[in-house]
Amino acid sequence: MKRDFTWCLFNKPYHFFLLMALFFIGNMKVKAQSKAAIKWTEGNPSLVIDGETYPPYAYMSYLGEEQYYKEIAATGIHIYNIPAYLGEGGINTISGIGAFRSPIWLGEGEYDFTSLVKDFEKIIEADPKAKVIIRFYLDPPEWWTQLYPEASAHVPDGTTFRQCFASKVWREKTAEVFRDCLDWLLASKYSQYLAGIHVASGLTEEWFYHPKQYQDQNPARLLAFRQWLKESYKNNDALRKAWNNPSLTFDNAHLANIDEPVKRREWRNPDKDQNYIDTYRFQAEVLVDNIAYFCKIVKEKSHGKLLTGAFSGYHYFVGDARRGHGALAKLLDCPDLDYLSSPNVYNRVIGEDWPAMAAVNSVHLHGKLWLTENDTRTSITTLLKDRSKGIAPPGQYESGVWLGPEDMDTSVAFLWKNTARMLAYGYGGWWFDMWGGWFSDPELLNVLKKTQQFHSTFPPSQGEKMKPQVGVVVDEEISFWDPTYGHLTENILSNRYPLAKTGTSYDLFLRTDLKSMPTSQYKVVWLMGFLELSSKEESRIKKWNKQGITVLWTSGKGTKIFDPNGGELFRDGKLKWSASELGETWEQAGVHRYIETEDVFYIGRNWMGIHTIEGGERTINFPFNAQVIDPLENTILYDSTRQLKLTLKPKSTVLLRVNPLEN
């Protein structure tokens, strides 16, 4: 599949693509390109591909072995993710991991699509009904970095590194190659199996800056920053006032050093540190602008038929602002983006919630789908060093989070917890079998199979009577103000763990969506991590209080509670809350708690999940009469009840279908 385009007339590769298309047509009957779209029914997502509805669940493995594809196809999953790489560099420049596929971009106008052909052929052989989303990694090859140093990151030691994300040259050159790759795909026989493109770049494919890019000294980055300042401040006087610098202009402004050693342990001062805040904002917006740029190319090339998605917006877990995830609000306005993704947070221990890393309700509010990456370790999880030679660096990917639980029962409980959260919170995801074989057991595959079946077995529902009565709002820019690269931020955001143990569910929104988020259902609104309040936010708190809503405001100093009866209580230094403290606060505010024990609990969209460590007797109280169904057996446990008693096994997850009845 290696092709050199230099012979093409006028140095245009499109003649080659035409020849390729004719080649495929001459050798087989090529079906039309697939058309994929996201469909929302009663607030629940599905994918519609060529007129057929698919549950929003997929499978991916970096190594992509046919035997596992066959097992997955047997579960009813027919959507697959495969990786593709422009360059030969590994995705993690910290660990030094090798590349999972051979590079596509071999030279100027020279491509090798062998890896894509092999992946498609393996999947199609295992599952003729397959639909594929390609995770396209856009970091450049080493030869290109050397050829275009002006478009590469300039490391302080004088070397160059991959790309400068702010470089127009990098973006435009990569766009040319990306278009060529899409042309090849859409002209090939594989276009009928292609459903979407997941645009990827940076550290671990997740649009993080590589550490070597934190201090990128490429003049193109500085010029882009100064242009960004002009667009943000409009005039020099506004910039001088914000930065508290009377001699500052757009022409002499410099990026702050966002990679300096930690010197302080208190939040940044807006009167002195606005240059840091603006540097971080610019840093984040550069990445989301690139995501939007490449998604638009996919939409243009496919005439809107391919899905587009990316990893972005990890504000709920990643507190190090150098990584570049702080502009989700801007990305959500992108018309060419269909879905966003993250792994579940990495506190992967039993008895804890593993939420998505972003405000999923804001993602939904803007019409995007959330697909979580369930890279869940199991008792049969393999190590990379044992699965593939030459990829795993010595001593890496062998311990800690890379190891699964010891027993199969806990493994099954973990997968059911993934399912329960996706169902109750209304999003999809893919089962990420990273090195292969992690789910290759009848008990584990059964979870994937049943999850797939639930999509058609049980009708979609908004779950009006079980909508969350707690709304949490977070500021995705809080880490910009944190000079400790995340330690101060984590003191506040670690509340994500007790939130799941309060006997009810909660909605999570971005601060920028305060005006748009629906609040009539809430008894409590928690402004988590707002270091200061604006006058509009203060007015909104008063409005909420008049509506009977209790408001918690956690700043960098403590938590103030605004009571609907007009009282205010400030708890100095109160940043972290326990589940019992939150549960008591919820009860005082009138929030219905379905269960009083501190198990991980999800409820929503007519689904309920309980994840427990100790097990034992549990009592669930509903605020309505409910029909309760065991979805695994599709049998009715109760025709009508307001109270449910369960005996939970230790280290288990129970999933139930709960249908509220008319009074």
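By class, six nonpolar, one polar and two charged residues make up the lining of the second largest cavity. Here nonpolar means Ala, Val, Leu, Ile, Met, Phe, Trp, Tyr, Cys and Pro; charged means Asp, Glu, Lys and Arg; the others, Gly among them, are polar. I start there, and I will come back to it. One caution on the source: this is a predicted model, where local features need pLDDT of at least 70 and side-chain atom pairs count only at pLDDT 80 or more, while totals for chains, interfaces and linings use all residues. Residues are numbered from 1 along each chain as its sequence is written, and side-chain values use heavy atoms, with hydrogens and water left out.

Now, the empty spaces. Rolling a probe the size of a water molecule over the atoms shows where empty space is left. The search runs on a 1 Å grid over the protein atoms alone. A cavity is a set of points where a 1.4 Å probe fits but cannot get out. A pocket is an open set with protein on both sides within 12 Å along at least five of seven lines. Lining residues have an atom within 4 Å of a point. Grid points are joined across faces, edges and corners, and a volume is the space filled by probe spheres set on the points.

How many cavities of 30 Å³ or more are there? Five. Helices (H or I, at least four residues) and strands (E, at least two) are DSSP runs, numbered from the N terminus. By class, the lining of the largest cavity has nine nonpolar residues, one polar and one charged.

Back to the second largest cavity. Its volume is about 50 Å³. Cys-164, Phe-165, Ala-166, Tyr-209, Gln-213, Asp-216, Arg-221, Phe-282 and Val-286 line it.

Next, the largest pocket. It holds about 650 Å³ of space. Its lining has 33 residues. Which lie nearest the centre? Asn-92, Thr-204, Glu-206, Tyr-346 and Trp-402. The lining of the largest pocket divides into 20 nonpolar, five polar and eight charged residues.

On to strands. Buried means under 20% relative accessible area, exposed over 50%, and partly exposed in between (1.4 Å probe, protein chains only). S17 and S18 run parallel, joined by four bridges. Two strands pair if DSSP finds at least two bridges between them. Leu-508 is the bridge partner of Val-472.

S2 (residues 36-41) and S3 (residues 44-49) are antiparallel, with six bridges. Trp-40 has Pro-45 in S3 as its bridge partner. This hairpin has two residues between the strands, and Glu-42 takes a positive phi near 50°.

Two lysines also have positive phi. Lys-234 has a value of about 75°. It lies in the loop between helix H6 (219-233) and helix H7 (236-243). Lys-234 counts as exposed because its relative accessible area is 64%. Lys-651 has a phi near 50°. Its loop runs between strand S26 (635-648) and strand S27 (652-660). Lys-651 is partly exposed, at 40% relative accessibility.

Phe-480 is found between strand S17 (470-474) and helix H14 (487-493). Its relative accessible area is 1%, so Phe-480 is buried. Phe-480 and Thr-279 are 201 residues apart in sequence, yet 8.9 Å apart in space, C-alpha to C-alpha. Beyond neighbours within four places in sequence, the contacts of Phe-480 include Arg-268, Ile-277, Tyr-280 and Gly-326. Contact means heavy atoms within 4.5 Å.

Then Asp-599, in the loop between helix H17 (579-589) and strand S23 (600-604). Is Asp-599 buried or exposed? It is buried, because its relative accessibility is 6%. Its side chain makes polar contacts with the side chains of Thr-597 at 2.6 Å and Thr-612 at 2.9 Å. A polar contact is a pair of N or O atoms within 3.5 Å; within protein, one must be able to donate a hydrogen and the other to accept it, and residues adjacent in sequence count only if both atoms are side-chain atoms. Leaving aside neighbours within four places in sequence, Asp-599 is also in contact with residues including Ala-500, Lys-501 and Arg-618.
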